[in-house]
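Please keep the sequence and the model in view while reading.

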Amino acid sequence: MLSSHGDAVTWFSVPLGRLRVRLHTMVPLVAAVLVYWAPGIGLRYLLLLAVLLLHELGHALVSLAMGGARAVVSLSPAFGWADVTAFPDRREGWTALAGPAINLAVAGALALGGAGLDWSLRSASPTDFLLTISLVMGAGNLIPVKPADGGRAFSAFWPTR
Ligand SMILES: [Zn+2]
């Protein structure tokens, strides 16, 4: 459904209790154009969106489960982000790790199912492509440098002050 706020033209907004999922209106437009003009690339774009969404939902759901007041997941044509409660303790670390953890779990499950690494936009099978981008998204975000998730987790678990 469309958001009832002033940004209704820009975002599709779905309230799910304390969680709100926002989809930039350009996302379905870009997806539709790609699927129409280049179905193979369109399919891989949809897979990338799914990987982004899972990553941000991981942050949001773990934050809510640990007592976060509310969470907003946003998906733009090229980025995703989660606005979650800032915890002053280790819960911040678990929230940060949840996004990459979901991606790595998906990559692991696909690997167990026989998928391999292949990120060719043209020739990779959907499952190989999904495994590859899940692995890159999961592992890439774990580098222990802020603002990456790994950096946020590192400073939550081992605060310097
Ligand atoms: Zn993240």
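Two strands are said to pair if DSSP finds at least two bridges between them. Helices (H or I, at least four residues) and strands (E, at least two) are DSSP runs, numbered from the N terminus. The model is predicted: local features need pLDDT of at least 70, side-chain atom pairs count only at pLDDT 80 or more, and totals for chains, interfaces and linings use all residues. Residues are numbered from 1 along each chain as its sequence is written.

**The sheet**

- An open sheet is formed by 4 strands in the order β1-β2-β3-β4, with mixed pairing.
- β1 and β4 are the edge strands, each pairing on one side only.
- From one strand to the next, the twist averages 15°.
- β1 (residues 11–16) pairs with β2 in the antiparallel sense over 6 bridges, and S13 stands opposite R22 in β2.
- These two strands, β1 and β2, form a hairpin with 2 residues between them, and G17 in the turn has a positive phi of about 65°.
- β2 and β3 pair in the parallel sense over 5 bridges; R20 has V72 in β3 as its bridge partner.
- β3 and β4 pair in the antiparallel sense over 4 bridges and form a hairpin with 4 residues between them.
- Across this last pair of strands, L75 has G80 in β4 as its bridge partner.
- A residue counts as buried if 20 or more other C-beta atoms lie within 10 Å of its own, as exposed if 12 or fewer do, and as partly exposed in between; the C-beta atoms are placed from the backbone.

**Helix α2**

- The 27 residues of α2 (residues 39–65) should span 39 Å at 1.5 Å a residue, and the end C-alpha atoms are 38 Å apart, which agrees. The expected span is 1.5 Å times one less than the number of residues.
- α2 lies across β2, β3 and β4, running at about 170° to β3. Such angles run from 0 to 180 degrees between N-to-C directions, with axes fitted as lines to C-alpha atoms, for helices over the stretch in contact.
- The buried residues of α2 include R44, Y45, L52 and H59.
- Elements that the buried residues of α2 pack against include α1 (26–37) and α3 (91–112). Contact requires C-beta atoms, placed from the backbone, within 7 Å.
- Just after α2, G67 takes a positive phi of about 110°.

**Nonpolar cores**

- A nonpolar core is a set of buried Ala, Val, Leu, Ile, Met, Phe, Trp, Tyr and Cys residues joined through C-beta atoms within 7 Å.
- The largest core has 20 residues, of which L131 and I133 touch the most other members.
- At least two residues of this core come from each of α2, α3 and α4.
- A second, separate core of 6 residues includes V21, A60, V73 and A82.

- P147 lies in the loop between α4 (126–140) and α5 (149–157), and a cis peptide bond with omega of about 10° joins K146 and P147.
- Most peptide bonds are trans.
- D149, R152 and A153 are buried in α5.
- Seen down the axis of α5, the buried residues fall within an arc of 95°, so they line one face of the helix. The arc is that of the directions from the helix axis to the C-beta atoms.
- These buried residues of α5 pack against α3.

How values were computed:
Two residues are in contact if their C-beta atoms, placed from the backbone, lie within 7 Å.
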